[in-house]
Amino acid sequence: MSEVLFYLGAIMIAIGGICDLFGAIGLLRFPNFYIRLHAATVGTIGGAVVPLFGVGFLALGSNFLPHKYAIAGASFVTGIIVLLAAPAGAHVLAYAAHKAKLVQWNPKCDHLTEVKKHD
């Protein structure tokens, strides 16, 4: 069982590295702020949360770590906090940029115009 957790953690850490790479490429290549914000969120969720869960599984699967339960618990709690905070932060940034009209764009459908009418 411990070998399965160890290899699952190692695979999740590798997936996190790949998500970080794709997020960085997206930040460089995507055309405007909103889509780059999506790339940043992919980099945060995939590149931070998935490896943190992987570290937790890796710690649980290792027999040589003296405080493996503390490391795993801290990794899982930190991953959950980042998982909840990153999308909320991205949403707030996108909403503030849209409301302040800082980003020039021509949407085909803008659902926030109804929100503006009520503000």
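Residues are numbered from 1 along each chain as its sequence is written, and side-chain values use heavy atoms, with hydrogens and water left out. Because the model is predicted, local features need pLDDT of at least 70 and side-chain atom pairs count only at pLDDT 80 or more, whereas totals for chains, interfaces and linings use all residues.

Q: Which geometry does the aromatic pair of Phe 53 and Phe 76 have?
A: Rings of Phe, Tyr and Trp (its six-membered ring) pair if their centres lie within 6.5 Å; planes under 30 degrees apart count as stacked, over 60 as edge-to-face and the rest as tilted. The structure holds 4 aromatic pairs. For Phe 53 and Phe 76, the centres are 5.7 Å apart and the angle between the planes is 40°, and the pair is tilted.

Q: How many residues apart in sequence are the parts that the pair of Phe 53 and Phe 76 ties together?
A: Helices are DSSP runs (H or I, at least four residues), numbered from the N terminus. Phe 53 belongs to helix H2 (residues 33-61) and Phe 76 to helix H3 (residues 68-100), so the parts tied together are separated in sequence by 23 residues.

Q: Why is the pair of Phe 57 and Phe 76 edge-to-face?
A: This pair also links H2, which holds Phe 57, with H3, which holds Phe 76. The ring centres are 5.4 Å apart and the planes stand at 70°, so the pair is edge-to-face.

Q: Is Phe 76 buried, partly exposed or exposed?
A: Buried means under 20% relative accessible area, exposed over 50%, and partly exposed in between (1.4 Å probe, protein chains only). The relative accessible area of Phe 76 is 22%, so this residue is partly exposed.

Q: How far does H1 reach from its first C-alpha to its last?
A: The expected span of a helix is 1.5 Å times one less than its number of residues. H1 has 28 residues, with 40 Å expected. The reach from the first C-alpha to the last is close to that, at 41 Å.

Q: Where does Ile 25 lie?
A: Ile 25 has 41% relative accessibility and therefore counts as partly exposed. The residue lies in helix H1 (residues 2-29).

Q: What is the phi of Lys 101 near?
A: Most residues other than glycine have a negative phi. Lys 101 lies in the loop between H3 and helix H4 (112-118), and at 59% relative accessibility it counts as exposed. Its phi is positive, near 55°.

Definitions and conventions
Helix = DSSP H or I, 4+ residues; strand = E, 2+ residues; numbered from the N terminus.
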